[in-house]
Amino acid sequence: MCRQLLNIAHALKRAAHASGSEAVDWVIHLDHDELFLPPPQGLQAHFKHLEASDCRLCLYQNFEAVPQDHTLTPFVDVTLFKVPSGRVSKTPAGMAGMNFWARRTKANNYFLYYDNGKSAVRVSRDREIAPTSVHLLYPPDDLEELITGQHGWTNFAAHELADMNLTWLSSSHDEVVAASKVLHYPATHYERLWRKYDHLGNFPSVRFGGDLVVPPSFHLEARDEYLKHSTKEKQLEKLKELLENAAFLRSEAEVQSQLETGSVVVIDTVKESLRRGVWVPPRQLRPSLFKMLQRRPGVKGMERLQTMKRRPAEVCFGKGGILKNLDTALDVIVQSLCSNGWVACGLGAHESLMARALEEAKSLKPRMSRGTTVIQNEVIDPNKPNADREDQILFLQEQGLSGPSAAKGPAPTLALLESAIIDIVMHLDPRLQRSDLQLRITERCDGMLSHYEKGGAYSAHIDNADGDGRVDGRVLTAVLYLNVGWDRYAGGELAIFQAEHGDIGDANCQGKWNMVHPEAGTLVFLRADHVLHEVRGAHAERYALSVWFCGQHADYGGS
Ligand SMILES: O=C(O)CCC(=O)C(=O)O
Ligand SMILES: [Fe+2]
């Protein structure tokens, strides 16, 4: 550790005083078993981008190599990486993926070695700084300025920062930062593992004179395995077993199943680059914010789209609904989302259940408040005369209406329907990952109950038109209507625009509006970040339960 700190101090000193061809603007500390994977646009553009925002420090997460066989040339052979825990979906599948790995070590470790990231720091000329640690290169004197000016960025998820005492960093959702990563190849051959522990020998479980206790870990398990045996042959054999059991995926089926849980990701850009001898950038995986905003039609464009033809939407699976044809239904939903961006289906819940849900929704009316629109993190005042939505809303969990005590509360049926929607989407998730959309659901939002009446409408919009201001924005909207005995003459249709020619932002876009009646049991899925839709004036009381799901590209991190 001392040697590493001295190395960094030396590098920073040289960087600060260097000039001409030696001049250096940024320093990043990497071990020799690590690589910095720049974002899709390439290193140059990335750092320019950061400089433009006057960022002084970036902290990148690391991705831990998962070998499929022993190799001494991991950079050319390993293409599977464990995804940092903060970026693994908190869905049942994601949790199963994390547990799959944890169960493989005595200490229940997900990452075998460290899972904090590595930082890059911008160097000021003629100014020497001492690094804070090998992982966090920020100059301690600058901390206050970094905090107040929000000059430190990280691609760690915001909810992870508190655990690492890093709340002073801002978690950036910018796709350029989020796509940059450190690839860590800590143990890819049993002989190298043996050498490490042969070198370290019987090291103590405490560091810094006892101030830091090394927690139970794969590191200590490997030390103990080494010490337990006296001959080199035996030590090699046992460490080989240990490494394979903890770190390797040996069959295609195992690889496939972990790719599906989202605990691992394929990153073959390093291998490809070394093989071809030129830098092969990872492909761009997410549309940039600029492109997303460009996709939104302007006022004139919207007026034009409003003149396009309207037709009744097809509602799939009729009375039997999704629940009675689950497997086929899931396939049809994914197929429609791929080709059209939306689908309307019957849920198949019993009519009496829907009637109870409607009663519960009505009883909650006094607790509802005006829906708000958020554009680029700014809440638009719903009382402004030109407000785009006229609904009343309520969030279930926020109001204590879902969760373990839901059964005793005033809305057990709504809570049940919310879990049914979530269950269906959890089943859709692996299919969406394999589909052309290559979409992985990573999170869900609190269920929202909405109410429209007296001609109330919600003008044409895309739910997540600007990235939602977070790393994984909303990608899927699910809306279940609760209106038993809905009178079709009362309007209130959900109108979904489907482009047939061009994109909705293009001046010559052509397409049709698909009109869905908000009848009890009709469940609509639409792509939250793509599909333009509106609620037409509703002249009767209109209730719906919506759940949004966040996600990311399934092979996020490069192909
Ligand atoms: O209730 C509906 O039909 C959809 C409402 C909607 O578009 C929204 O809340 O974003
Ligand atoms: Fe919407």
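In this predicted model, helix H8, spanning residues 190-200, and helix H10, spanning residues 232-247, have axes that come within 9 Å and cross at roughly 115°. The two helices, H8 and H10, are therefore roughly perpendicular to each other, and their crossing is right-handed. On the side of H8 the contact consists of Tyr190, Glu191, Leu193 and Trp194, which meet Gln235, Leu236, Leu239, Lys240 and Leu243 of H10. Sorted by class, the contact of H8 with H10 comprises 6 nonpolar, 1 polar and 2 charged residues.

According to an unreviewed UniProt entry, residues 232-259 form a "coiled-coil region". In the model this span is 86% helix and 0% strand, and its end C-alpha atoms lie 36 Å apart.

Helix H11, residues 252-261, packs against helix H4, residues 92-102; the axes of this pair come within 8 Å and cross at roughly 130°. The contact of H4 with H11 divides by class into 3 nonpolar, 4 polar and 1 charged residues.

The crossing of H16 and H18 is right-handed. From H16, the residues Leu330, Asp331, Ile333 and Val334 take part in the contact, while H18 supplies His427, Leu428, Arg431 and Leu432. The contact of H16 with H18 is made up of 5 nonpolar, 1 polar and 2 charged residues.

Which residues surround ligand 1? The shell consists of Ser450, Tyr458, Asp463, Val479, Leu494, His533, Val535, Ala544 and Ser546. Two strands, E27 (533-538) and E28 (542-553), each supply at least two residues of this shell. By class, the residues around ligand 1 divide into 5 nonpolar, 3 polar and 1 charged.

Notes: Residues numbered from 1 in each chain as written. Chains lettered and ligands numbered in written order. Predicted model: local features only at pLDDT ≥ 70, side-chain atom pairs only at ≥ 80, totals over all residues. Left-handed = near helix turned anticlockwise from the far one by under 90°. Helix = DSSP H or I, 4+ residues; strand = E, 2+ residues; numbered from the N terminus. Contact = placed C-beta atoms within 7 Å. Nonpolar A, V, L, I, M, F, W, Y, C, P; charged D, E, K, R; others polar. UniProt positions renumbered as here; feature names shortened; annotations may be inferred. Near = placed C-beta within 6 Å. Axes fitted to C-alpha atoms, helices over the stretch in contact; angles between N-to-C directions. Parallel < 35°, antiparallel > 145°, perpendicular 65-115°, else oblique.
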